[in-house]
Amino acid sequence: MKLKISVIGLGYLGATTAVAFAKLGHEVIGIDSDLTKLESLAAGRVPFYEPGLEDALLEVIASGNLRFKTQHDEETSEALIHLLCVGTPQSKTGLGADTTYLFNALDALAPFLNEDALVAGKSTVPVGTAAELAKHLASKVDFPPHLAWNPEFLREGTALQDSLLPDRVVIGVKEAWAEKLLRLLYEPITNQGVPLLVVDIPTAELVKVAANSFLATKISFINAMAEIAEVAGADAVKLSEAIGMDERIGNKFLKSGIGFGGGCLPKDIRGFVARAEELGVGQAVGFLKEVEAINLRRRSRVIELAQEELGDLTGRRVTILGAAFKPETDDIRDSPAMAVAEQFWMAGAKVVIHDPKALENVRRVYPQLETANDLDSAVQGAEIVVLTTEWKQYREADPISLGRHVTNRLIIDGRNALDVSAWQAANWQVVALGRNLDRIPALV
Ligand code: UGA
């Protein structure tokens with residue numbers, strides 16, 4: 001059944017959500033007050049890099065299933081469901097999440113909200129936020145408004161696929177009617193066998209931060225093992241493979257390296273700690289502080305490894321391969337790669353950054369750092385090359401050809417992504433996090 005819905009806030013989450021529901025056959029109106037963003041989307045251009053999203057956007061614009069508006073009007077008030085997808089960044093004054101945009105979104109929606117419409121939050125929020133939002137909305141309208149929570153688990157880089165065919169759909173509701181409506185919204189997905197879990201609203205809010213905290217913990221766990229492997233003469237990559245074969249542990253999110261970043265995991269674990277402390281149960285998630293500490297230590301470890309090889313880094317030419325927080329995105333928010341680049345720069349090195357997609361963002365946010373558009377010129381004269389984001393382009397790069405451009409064949413594999421023996425065979429010295437690799441390059 002085709003439903004008319006509005007998607008409020010068109011960032012990574014909202015733009016993908018709007019396109020996905022339009023592709024699934026619903027009639028979607030995307031709303032964002034940022035005119036530049038809106039004009040770009042309406043013209044069929046996604047203002048960030050997300051594989052497959054632009055083609056899908058063009059398709060749903062052409063089908064008439066997706067339209068855009070800068071604000072609510074009589075037409076958007078006909079929507080049966082309003083999905084809140086605005087950002088909840090880390091607060092400027094503390095570690096908690098800033099939920100202001102959600103309250104602002106409700107203020108804008110309230111005058112156009114229909115009595116029998118459902119407002120469903122998708123943004124990541126501290127547990128208890130939905131209750132505050134419901135209270136706030138109730139004070140703005142003269143009928144009891146309906147609010148539900150419907151967390152989103154999409155990953156950048158595979159966002160569209162994750163939205164069209166997620167592992168599960170979680171809906172937090174208070175009323176059977178809201179459940180029915182959300183089941184209709186997700187019918188094209190649940191029809192394909194995707195499970196839908198119905199929970200209460202606080203559980204729905206918690207599911208999201210709990211999932212992200214678990215993922216962050218898993219990554220920091222293997223990175224903690226990497227710290228130990230480095231001093232014990234062990235190999236964290238083999239260790240990960242071995243423990244990951246236990247089905248109870250699983251091999252996903254068990255890749256050691258310079259750790260996690262992005263707009264979600266780091267901010268969500270900080271926000272979770274802050275919220276738990278407010279609720280008087282800070283101890284329950286105190287370990288998340290250590291999860292973050294391990295994560296940050298791995299970034300600095302790269303600089304230490306470079307210093308162990310080169311000594312003082314002042315004036316040394318360092319090439320950073322990868323700026324995005326992970327491959328297949330141009331997002332550099334809280335990117336471990338950029339943290340490493342900055343630390344080299346602070347240590348006095350001459351840093352050159354390469355990335356297949358994120359250089360525009362790098363130039364905007366870090367105008368002081370040098371960038372290079374192509375790989376060969378990026379590594380030209382490098383005394384050390386550091387792989388910080390495991391783009392396919394780097395994993396498949398030819399070490400023999402790259403070796404012709406550098407001054408010193410030394411590479412730090414910050415993501416344990418390279419075929420070490422191929423690089424060593426091309427006379428590169430490979431240094432990796434959590435591994436004790438042969439320091440003497442093999443002879444060809
Ligand atoms: C994350 C979650 O995976 C999504 O489920 C969630 O919906 C999203 O946050 C969100 O809250 O919106 P995302 O931020 O796109 O998705 O990135 P991830 O794929 O989770 O990767 C996060 C970081 O962990 C990256 O920097 C990646 O390089 C790093 N990572 C991942 C590792 O260091 N090791 C691993 O084994 C896996």
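Hi everyone, let me start with Asn 427, which is partly exposed because its relative accessibility is 30%. For the cut-offs, buried means under 20% relative accessible area, exposed means over 50%, and partly exposed is in between, with a 1.4 Å probe and protein chains only. Asn 427 sits in the loop between helix 18 (420-425) and strand 14 (429-432). Helices (H or I, at least four residues) and strands (E, at least two) are DSSP runs, numbered from the N terminus.

A word on what we are looking at: this is a predicted model, where local features need pLDDT of at least 70, side-chain atom pairs count only at pLDDT 80 or more, and totals for chains, interfaces and linings use all residues. Residues are numbered from 1 along each chain as its sequence is written, and side-chain values use heavy atoms, with hydrogens and water left out.

Back to the backbone. Asn 427 is not a glycine, yet its phi is positive, about 65°. Most residues other than glycine have a negative phi. Glu 328 also has a positive phi of about 65° without being a glycine. You will find Glu 328 in the loop between strand 9 (317-321) and helix 13 (336-346), and at 31% relative accessibility it counts as partly exposed.

Now for the whole chain. How many helices and strands does the protein chain have? There are 18 helices and 14 strands. The C-alpha trace spans about 75 × 50 × 40 Å along its principal axes.

Of the 444 residues, 55% count as buried. Taking contacts between residues at least 6 apart in sequence, 71% join residues at least 24 apart; contact here means heavy atoms within 4.5 Å.

Let's go inside, to Leu 10. This residue is in the loop between strand 1 (4-8) and helix 1 (12-23), and it counts as buried because its relative accessibility is 1%. Setting aside neighbours within four places in sequence, Leu 10 has contacts including Ala 15, Ile 31, Leu 38, Leu 41 and Phe 68. The C-alpha atoms of Leu 10 and Ser 33 are separated by 9.2 Å, with the two residues 23 apart along the chain.

Where does the side chain of Ser 40 reach? To the backbone oxygen of Arg 45, at 2.7 Å. Beyond neighbours within four places in sequence, Ser 40 is in contact with Arg 45, Val 46 and Pro 47.

My last stop is Glu 152, in the loop between strand 6 (146-149) and helix 6 (159-164). Is Glu 152 buried or exposed? Buried, because its relative accessibility is 11%. Its side chain makes a polar contact of 2.9 Å with the side chain of Lys 122. A polar contact is a pair of N or O atoms within 3.5 Å; within protein, one must be able to donate a hydrogen and the other to accept it, and residues adjacent in sequence count only if both atoms are side-chain atoms. The Glu 152 side chain also reaches the backbone nitrogen of Leu 154 at 3.3 Å. Thanks, everyone!
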